[in-house]
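Visitor: I have a chain open here and would like to go through its side-chain contacts. Can we take it topic by topic?

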Amino acid sequence: MARSLVVKVTCGTDAPERCNQGFTVAATAAAPGVPVSLWLTGEAAWLAVPGRAAELDLPLATPLPDLLDTVLASGTVTVCGQCAARRSLGVDDLVPGARIAGAPVFVEEALAEGAQALVY
C-alpha cells in the first residue's frame, strides 16, 4: 500500500511563513504522485476562496496559488466544516475542486493505514 500524506494548515496570512511551509510540503509530495489531503482550518480556510491565496506574499517562496493548484491537480483540498460555517463559507464559495468536511473525515484520513499526518 502506498503511503499518503495528510497536511493540516491552521494559519493563513496571520502566519505566512508557517502557512507557506504547510502548502509547500503538501505540493512537494503531490507533485510526484503521493496521495495528499490538504486540510485548511482556522484562518487557512480563507485560502480556499478564489483569489485569497494570492494575498499571502512571502519573499523567496513559491506563490501560494501555485502550491494550491499543484495539490488540487492530484490530491484533495478540504476546508474544515466548522471553520467554513464560522466564516459563512459554502462549497460554492471555494475554488473548484475544494470540499468542506468535518473532523470525522479528518480523523479517518489521518488514521488510515500508511498515512502520515502533519500539522502546521
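Visitor: To start, how many disulfides does a search of the whole structure find?

Guide: The search finds zero disulfides, a disulfide being a pair of cysteine sulfur atoms within 2.5 Å. Before going on: this is a predicted model, in which local features need pLDDT of at least 70 and side-chain atom pairs count only at pLDDT 80 or more, while totals for chains, interfaces and linings use all residues. Residues are numbered from 1 along each chain as its sequence is written, and side-chain values use heavy atoms, with hydrogens and water left out.

Visitor: Is Cys-19 buried or exposed?

Guide: Cys-19 is buried, at 0% relative accessibility. The cut-offs are under 20% relative accessible area for buried, over 50% for exposed, and partly exposed in between, with a 1.4 Å probe and protein chains only. Cys-83 also counts as buried, at 5%.

Visitor: On to the core. Which residues touch the most other members of the largest nonpolar core?

Guide: Val-9, Cys-19, Phe-23, Leu-38, Leu-40 and Leu-64 do, in a core of 34 residues. A nonpolar core here is a set of buried Ala, Val, Leu, Ile, Met, Phe, Trp, Tyr and Cys residues joined through side-chain atoms within 4.5 Å.

Visitor: Which helices and strands each supply at least two residues of this core?

Guide: The strands are β1 (4–9), β2 (36–40) and β3 (76–80), and the helices are α1 (16–30), α2 (64–74) and α3 (81–86). Helices (H or I, at least four residues) and strands (E, at least two) are DSSP runs, numbered from the N terminus. Helix α1 gives the most to this core, with six residues.

Visitor: What is Leu-64 in contact with, leaving aside its neighbours within four places in sequence?

Guide: Cys-19, Asn-20, Phe-23, Leu-47, Ala-53 and Leu-56 are in contact with Leu-64, contact meaning heavy atoms within 4.5 Å.

Visitor: Now rings. How many aromatic pairs does the count come to?

Guide: One aromatic pair. The rule takes rings of Phe, Tyr and Trp (its six-membered ring) with centres within 6.5 Å, and planes under 30 degrees apart count as stacked, over 60 as edge-to-face and the rest as tilted. The pair is Trp-39 with Phe-106: the centres are 5.4 Å apart and the planes at 80°, so it is edge-to-face.

Visitor: Where do Trp-39 and Phe-106 lie?

Guide: Trp-39 is in strand β2 and Phe-106 in helix α4 (residues 103–110), so the pair ties together parts 67 residues apart in sequence. Trp-39 is buried at 2% relative accessibility, and Phe-106 is buried at 15%.

Visitor: What sits over the ring of Phe-106?

Guide: The charged end of Lys-8, 4.2 Å from the ring centre. The criterion is NZ of Lys or CZ of Arg within 6 Å of the ring centre and within 35 degrees of the ring normal.

Visitor: How many salt bridges does the structure hold?

Guide: Three, where a salt bridge is a side-chain nitrogen of Lys or Arg within 4 Å of a carboxyl oxygen of Asp or Glu. One joins Arg-87 and Glu-43, at 2.9 Å from N to O. Arg-87 is in the loop between α3 and β4 (98–101) and Glu-43 in the loop between β2 and α2, so this pair links distant parts of the chain, 44 residues apart. Arg-87 is buried at 17%, whereas Glu-43 is partly exposed at 36%.

Visitor: And which residue forms a salt bridge with Arg-99?

Guide: Glu-109 does, with the closest N and O atoms 2.5 Å apart. Glu-109 lies in helix α4 and Arg-99 in strand β4, so the pair ties together parts ten residues apart in sequence. Arg-99 is partly exposed, at 29%. The side chains of Glu-55 and Arg-52 also meet in a salt bridge, at 3.3 Å from N to O.

Visitor: Last topic, the backbone. What is the phi of Leu-60?

Guide: Leu-60 has a positive phi of about 65°, although it is not a glycine. Leu-60 is in the loop between β2 and α2 and is exposed, at 94%. Ser-88, in the loop between α3 and β4, has a positive phi of about 55° and is not a glycine either. Ser-88 counts as exposed, at 64%.
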